[in-house]
Amino acid sequence: MNTAPAVCEPGIAPRSFDDAVSVIKPPRVIGRRPERARLQALMTAAAAGSGSALVIRGLAGFEKSTLLGYAADLASGWRVVRLRGVIEEASLPYSALHLLCSALGREMARLAPHQREALEIAVGLRAGAAPDRLVVCVATGRLLALAAEARPLVCLVDDVHWLDTASADVFAFVARRAAPTAMALLFADRDEAFADLPGLPLGELDYADSRELIETALPSPLDHAVVARMVAEAHGNPRALLERAAEASPGNLGGYGVATSAESSATSLAGLAPDSSLLLLLAAAEPLGDPVRLWRAADRLRITPEAAEQLESEGLVSFGTWVTLRDSRLRGIVYRQAVAATRQRVHSALAAATDPLTEPDRHAWHLAHAFADLDDDVTTQLLNVTEQAAGRGGAPAEAAFLARAAVRSADPVGRARLAIAAAESFHAAGASQAAARSLAIAVRESADAHSQARLARLHARMTFYVSRNRAAVAELVRAAEKLATAAPFLAEAARLEAIGAGLFTGHLDALRPMLAPLTDCAPGSIGPLLAGLTRLLTTGYETAAEPLKLAIRTPGAKREAGPRSRLLACLVAADLWDAEPWDKLTSTELTRARKAGARATLPYLLTHRALVEIHLGSFGSAQALVDEAGAVTRSAGTSSFPHAATLLAAWRGLDHPEMAVSGNVRSGDETQSATMALHATAVLRNGLEDHAEAAAAIRDQLDSGGTALVGWALAELVEGAARSGDRDAATAALAQLSERAGHSRTDWALGVAARSKALLESGAEAEALYREAIERLARTRIKTHLARAHLVYGEWLTARGRRADARATLRTAHEAFTRMGAMAFADRASRKLSTAGERVQPRTNGAGSPLTTQESRIAALAHEGRTNREIAVALMISARTVEYHLHKVFTKLSIASRAELHRALSEGRSK
């Protein structure tokens, strides 16, 4: 595909979200430590003015492009130019050079006239006789040198094997002469182009790195034996590893099923001998690649070892430590093409070859596929080991066992209920198509009221998962009321799920038919969380605060203990400004969802945990969670949760595309998303001191129906209105905020309320409130609002001429905001410090590139003596991510070890 070159300038302070995305990223490369070290050394030398070139060589799928991206990540503050060879343009002379000239238009204008003319003629921008090729080469070298004058330049050229010959010759010429400039030229090639240039050959990933790559590609747990087989079949090829992970079926994640891809294979299997064909099917049906199990089963099928010879000679199967198939798709193709009776024979043999005492789950799985008849004994065996299967493969494996149990059940009622349970587990795992298939079985079989009610709830849940609108909320309400009659023990969780949907979308009117009867329930007849939320939505915050605090700080009733109920508890904790349970609940639930492979709720939990990290001032951790949430929603094809992304951008001082929905909050179906966009806009504008815009963004939206945002928004409105002269609006908002804080009674809530009230007071009363805010917030882990309390107090002191006192508290605010990466607020504190008589120097390293927020946090923790593993746990990232960022820190600070961190960081702070 022909794509225009992407030209990035990460060294310029970003002014939009898209610009900032590259500031903090997880590492693109797993393993490849020697290769990464080579690239780091090359980039360090280029930054010092000793340019060079390097050709990254490897087979297709061996991460050549990924390493180019890694180099781009290293180039913080550099000029980055990306090019790619295009097979369709390989016959057009200078077509790739045309892309380079288009990317460097300003430098083209600065070339000497004869050089510019030669380049313009070569790339078709000017008519004329064909230019001298040497002049074109020299002009290109000068063009790149001009681009590297202000900042170091890295030019990344991918798919060199598809470059047109003329452009390739020019690039090779320039690469040989890069030494005198601050320039790095990196090429990715699968052939032997530029053979005279230094090369970086890419080999196979080792077992540990291959395993980590697969595990990072899937949020669901993977059985160790399945991972080992996938690694063996991929032969260290990263792309093949990812393809195997992507093709894994729900059952296959636990080591049971076979991924039956619909793709056809070019491999002809018609010429295989009968025994070889049967052995190939056996190898495909045995998902672990266990040779002992396979040959035991083969013996039962009377297959002799000679049958393997044809398979090995034709390169279809390798029989060794692992039984591996040549093509990741071949396993599913062979299995699908076999007739049902033959597949059953194979599974029967595998069941007999599997010990029911040591591996009862795998034995039951093969046994369930060995016969087509309905058999409740087989169903019982499957159900008895479903929990064990879930332990191996999470929700996907659990769903696969339930689905198979439903198919084999002879009892129509039991079959319907098992199909519903399977559909619920498939939906939780994010396997929507598999959920729909089980749902279809359940609809066909369901006759009793219990099954009909559960079906109604599941259908409503799946509808809400796709379209979060009022109709979906109303459907959840109706389903909850059906369950109240048909299955009362499920009604509580269903009602909480409906309330959560209503709160999330703001469609609270859809909840009224359900809430009215609940207000008359006797104390104790419904769980504390449901009772508290009913009060919140019917009589208000004042009557609901105490029951809700009790609900989130004590173990919930069993009838409330469903995963969606626990998600709702996270939201309630945030609404109560109760940081401790909010932190604990989100962390616990995220760990639980990851372990279970619950892809349906994982994006929401990742987003909610990111909101916690934002308030803790851990923007790097928040960004990693936001990125993970985006990856999960994209892979599942569902709507995203932009809440944390918008707020994180705002705290960083950046615009975010999702903020544009703020004008449509009344008409949108996801009111909480839109309200968060408004809240984020207010945070951004207050940080930029556009206080009137901050107040305008949030003033009219406080009754839009969301929760967990109302108190947060009130605080922004008080500051925006007070600082823009709208005292009436500020006073009204403060009254609401103070009331909520009084009911919450947490240091977080009372500290923010004190800070907000101080903005409207004067004299000793104002100072006492500022000090109270700082004292209260200092007792919490809410770093963002503590820094803002220092900021507004310092501004107040400056306005009263107490410049020495102001400098101390403003310095505290500035350092905190800078450490977090809250750059708009940091700039605001810097300006106030200047007014108070202290000039703030931007912190830079020896090479002129600032440490990112994540790098600063990791450097500080490493300086404290923490190991990579301890830092990873503290920041909720992987140890490899820590290693990646520490390499960047060492490069930027021009140091070689942790021992030098103290000196480098001390020098940075003293500047």
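Visitor: Is Asp159 buried or exposed?

Guide: Buried means under 20% relative accessible area, exposed over 50%, and partly exposed in between, using a 1.4 Å probe and protein chains only. Asp159 has a relative accessible area of 11%, so it counts as buried. This is a predicted model, in which local features need pLDDT of at least 70 and side-chain atom pairs count only at pLDDT 80 or more, while totals for chains, interfaces and linings use all residues. Residues are numbered from 1 along each chain as its sequence is written, and side-chain values use heavy atoms, leaving out hydrogens and water.

Visitor: What is the phi of Asp159?

Guide: Most residues other than glycine have a negative phi. Asp159, although not a glycine, has a positive phi of about 55°, and it is found in the loop between strand 4 (153–158) and helix 8 (165–175), where helices (H or I, at least four residues) and strands (E, at least two) are DSSP runs numbered from the N terminus.

Visitor: Which loop holds Glu689?

Guide: Glu689 is found in the loop between helix 33 (671–687) and helix 34 (691–699). Its phi is near 65°, again a positive value in a residue other than glycine, but Glu689 is partly exposed, with a relative accessible area of 25%.

Visitor: How many residues does the protein chain have, and what percentage of them count as buried?

Guide: The protein chain has 911 residues, of which 58% count as buried, and there are 45 helices and eight strands in this chain.
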